[in-house]
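I opened this notebook to record what I looked up about the packing of side chains and the surroundings of the ligand. The entries follow in the order of the searches.

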Amino acid sequence: IKQLKEYESELEKRQETQQMSPYFGDAKGKNLLMIQAESLNDFVVNLEVNGQEITPYLNAFIKESSYYPNTYLQIGRGNTSDAEFVANNSLYPSKKDGAYRTYEKGVFQSLGQILKSEGYQTSAAHGNVPDFWNRKNAYPAQGYDIFYSKEHPSIDDSNVVGLGIDDKSFFKQLVDIWKKEDKPFYSFVVTLTNHRPFELPKEHQKLNLPAHMNDTPVGHYLQNVYYADQAFGQLLEGLKQEGLYEDTVIVYYGDHYGLIPDNADQLKKDLNIVFNKKEMFNIPLVIHRPTQTEGEVNEVIASQMDIAPTVTSLFGTQQPLYQLGYDLSVKKEGYVGFRHEITPFSFFSEKYDFEMSLDGVFENGICTDTQTGEKVDVKKCRKNYDRVQYEVELSDFLLQYDAIEKLKKGKF
Ligand code: GP9
């Protein structure tokens, strides 16, 4: 506790910096729609194959939004559910199991809880059964009043593609719901159609790929990403038609990688993409403010943990003290830490990347210069390592002891 109290000044600095954002309070009272895109990697953004854009709607959306191309995932064993947890709580996921299983109940300072306390109608949407990743039991503590799953009475689940309700059908139904829903609302949507093994029914495969890519893992992935992007385009169109677009902050980001190291050779051969760990962990993050007409590309090293503070800033709400991310519109500290079970406290940063050794000894880890790609003296990674280690342990402490409320009330 003594150590924690000492660290509070560091966390207070993040709160103060947030107030310096030019966009602080820019979207006060507007709706929030946050879409977590299944298996969306950043390399597909602006990628063209055979003269066709793979994500034309996302590319167009980026032109009128803030795009963070150097954003990295922070999931653990809970994949999609960990990405949800990290983005909404600005804390690390759990060490061993999915965050929603380990931290099902408790007091959270999630976006749902924060906006609910400000009078927002809150909901989450995911087109599969409600107990997948224990969402049904975990969502109430995350602050969602309503959970639109395939079992919700107002959801038609007859149109299934892959793992759940077709994104196109689901988005269409949700727009109709939001139209009638109390305003302002926060809706968190988890997409599903672009899910492993990415083998879309033939009638949905609309990309004209070079023949040698058809029916290959990379070809399937591109077809599926293209289909999911069309669904996103239809969603934006629906929001515009219903007059919701100009009243809503829209956040769109990838939950985790789609392709895996086994596909690296084909990615290199067919698309000239070097699919190393950094590329694999790189996801797109795009945030659109209702007042925004021009695109902006911010190259700061960003993480899923930075999403909640960046969003609360737009709504003019200070980030809670025990959130570990930064408001990206003013973030200077370019680093992103990882909670991984086997190699915890690894990180990417502007100057150096660090990979913890399997024996868990810092000195045996690998520190790499990001400019040259060369291995350098591990001591150069010390500063960020200390910070990441401390913050991962702080996050564990807060969650394991359900400490957020207790600390606020001075009960420790
Ligand atoms: C399952 C879906 C996908 O609930 O969200 O989860 P994943 O398999 O990607 O973790």
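**Nonpolar cores.** I looked up the largest nonpolar core and found that it has 66 residues. A nonpolar core is here a set of buried Ala, Val, Leu, Ile, Met, Phe, Trp, Tyr and Cys residues joined through side-chain atoms within 4.5 Å. Buried stands for under 20% relative accessible area, exposed for over 50%, and partly exposed for values in between, with a 1.4 Å probe and protein chains only. Leu32, Met34, Tyr186, Val251 and Phe315 have the most contacts inside this core. Helix H12, residues 382-400, gives the most to it, with seven residues; helices (H or I, at least four residues) and strands (E, at least two) are DSSP runs numbered from the N terminus. I noted another core apart from this one, of 61 residues, with Leu40, Val189, Met213 and Phe281 among them. In soluble globular proteins, nonpolar side chains tend to be buried together.

**Basis of the entries.** The model is predicted: local features need pLDDT of at least 70 and side-chain atom pairs pLDDT 80 or more, whereas totals for chains, interfaces and linings use all residues. Residues are numbered from 1 along each chain as its sequence is written, and side-chain values use heavy atoms, without hydrogens and water.

**Aromatic pairs.** I counted 28 aromatic pairs, taking rings of Phe, Tyr and Trp (its six-membered ring) with centres within 6.5 Å; planes under 30 degrees apart are stacked, over 60 edge-to-face and the rest tilted. Phe345 lies in the loop between strand S14 (335-337) and strand S15 (347-349) and Tyr385 in helix H12, so the pair ties together parts 40 residues apart in sequence. Phe345 is buried at 11% relative accessible area, and Tyr385 is buried at 5%. Phe397 is partly exposed at 23%, as is Tyr401 at 46%.

**Ligand surroundings.** Which residues surround the ligand? I listed Glu38, Asn79, Thr80, His126, Phe132, Trp133, Arg135, Leu192, His195 and His256, each with a heavy atom within 4 Å of the ligand. I then looked up polar contacts, which are pairs of N or O atoms within 3.5 Å. A side-chain N or O atom of Trp133 is 3.1 Å from a ligand oxygen. For His195 the distance from a polar side-chain atom to a ligand oxygen is 2.9 Å. A side-chain N or O atom of His256 lies 2.9 Å from an oxygen atom of the ligand.

Conventions
Polar contact = N/O pair within 3.5 Å; in protein donor to acceptor, adjacent residues only side chain to side chain.
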